[in-house]
Amino acid sequence: MRVRRLGWAGVEIEARGERLVIDYVEDMSPLFTGWRPGIGLARPGGEVSAALVTHLHRDHTDATALAEVLTPGAPVLRPARGYGDDVDNVATLLSERELVEHDLAAQVVDTWDVRDIGPFKVTAVPSIDGLGDPQLNWVVEADGQRVFHGGDTMFHGWWWLVARRFNPFDVAFLPANGAVVDAPHLQPPSPVAAAMDPLQAAAAAKILGAWHAVPIHYEMDQPVKLPGYVEVADPEKEFREHAGPRAQVLKVGEWLDLAA
């Protein structure tokens, strides 16, 4: 099995000639209006057998992009809908609508659900979203190797439970930009980061027993620091400092061959 960083939180996983993507997006402009097209995001290397999404925020679920790369009828595994009314769910409504418009084979899964998709065994594991929307993290297994994908989760107490069930991981992809969010529908704002910072990501990698730990959910070449969205200045540098030898910083489009 080999894995590839597609930019932001996107990951491509390849095993036995089949591909699976997690949080693959191609257009970030609905959320980050200053995002420059063609920079900081890569496309999968071919047709994709399945897609996993950690949550329905538009920087993690891009139905248009998925429709272009998925084989007909390919499953899109996703968490449940948000709670409450449209104001509560404003951060997920666009992705919900786009999934329907593109007639994707979206399937709601619960925490600890397991699915076999071609050579891949995927398990939805606990996560906590910094804006209060439903979120899952994913464990993907194939060819005797194991991958963890952390979406943009906050630090939580389920790490040890996940580790006891799956440890060790060949690689863990973990959010590391420590974004503090001041959104109109979330008032008064909180100074607490809504996604893990580099120290927290490194701690999670250690608990999970990850041989390689790859920081995600940041893009050094993009001006994503918008009003109301404040990130760690240099996630890569800080993650290397905290994660030590297990840190594996991948450039956008770069592969990591787990078999090697």
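Predicted model: local features only at pLDDT ≥ 70, side-chain atom pairs only at ≥ 80, totals over all residues.
Trainee: Is Gln 187 buried, exposed or partly exposed?

Mentor: Start with the cut-offs: buried is under 20% relative accessible area, exposed is over 50%, and partly exposed is in between (1.4 Å probe, protein chains only). Gln 187 has a relative accessible area of 46%, so Gln 187 is partly exposed.

Trainee: Which residues does the side chain of Gln 187 reach?

Mentor: The side chain of Gln 187 makes a polar contact with the side chain of Asp 182, at 2.8 Å. The side chain of Gln 187 also reaches the backbone oxygen of Ala 183, at 2.7 Å. A polar contact is a pair of N or O atoms within 3.5 Å; within protein, one must be able to donate a hydrogen and the other to accept it, and residues adjacent in sequence count only if both atoms are side-chain atoms.

Trainee: What is the peptide bond from Gln 187 to Pro 188 like?

Mentor: The bond from Gln 187 to Pro 188 is cis, with omega near -5°. Pro 188 lies in the loop between β12 and α4. Look also at the bond from Asn 167 to Pro 168: this one is cis, with omega near 0°. Pro 168 lies in the loop between α3 (159-166) and β11 (169-175).

Trainee: How far is Gln 187 from His 217?

Mentor: Their C-alpha atoms are separated by 24 Å. Along the chain, Gln 187 and His 217 are 30 residues apart. His 217 is found in the loop between β13 (210-216) and β14 (229-230). His 217 counts as buried because its relative accessibility is 2%.

Trainee: What is the phi of His 217?

Mentor: The phi of His 217 is positive, about 65°, although His 217 is not a glycine. Arg 16 is not a glycine either, and has a positive phi of about 50°. Arg 16 sits in the loop between β2 and β3. Arg 16 has a relative accessible area of 62%, so Arg 16 is exposed.

Trainee: Which residues of helix α2 are buried?

Mentor: In α2 (residues 93-101), the buried residues are Ser 95, Glu 96, Glu 98 and Leu 99. They lie on the same side of α2 because they cover an arc of only 165° around the axis. The arc is that of the directions from the helix axis to the C-beta atoms. The face turned away from the buried side carries exposed Val 100 and Glu 101.

Trainee: What covers the buried residues of α2?

Mentor: The cover includes α1 (63-69) and β5 (75-78). After α2 comes Asp 103, with a positive phi near 55°.

Trainee: How is a pair of aromatic rings described?

Mentor: By the distance of the centres and the angle of the planes. Rings of Phe, Tyr and Trp (its six-membered ring) pair if their centres lie within 6.5 Å; planes under 30 degrees apart are stacked, over 60 edge-to-face, the rest tilted. The count here is nine aromatic pairs. Trp 8 and Phe 32 form an edge-to-face pair, 5.3 Å centre to centre, with 70° between the planes. This pair links distant parts of the chain, 24 residues apart. Trp 8 is in the loop between β1 (2-7) and β2 (10-15), and Phe 32 is in the loop between β3 (18-22) and β4 (50-52). Trp 8 is buried, with a relative accessible area of 0%. Phe 32 is buried too, at 3%.

Trainee: Which residues do ring pairs link into a cluster?

Mentor: Phe 148, Phe 155, Trp 159, Trp 160, Phe 166 and Phe 169.

Trainee: Where is Asp 62, and what is in contact with Asp 62?

Mentor: Asp 62 is in the loop between β4 and α1. Asp 62 is buried, with a relative accessible area of 1%. Contact means heavy atoms within 4.5 Å. Leaving aside neighbours within four places in sequence, Asp 62 is in contact with Tyr 24, Val 25, Glu 26 and Asp 27. A polar atom of the Asp 62 side chain lies 2.9 Å from the backbone nitrogen of Glu 26.

Trainee: How many helices and strands does the protein chain have?

Mentor: The protein chain has five helices and 15 strands. Of its 260 residues, 54% count as buried.

Notes:
Residues numbered from 1 in each chain as written. Heavy atoms only, no water. Helix = DSSP H or I, 4+ residues; strand = E, 2+ residues; numbered from the N terminus.
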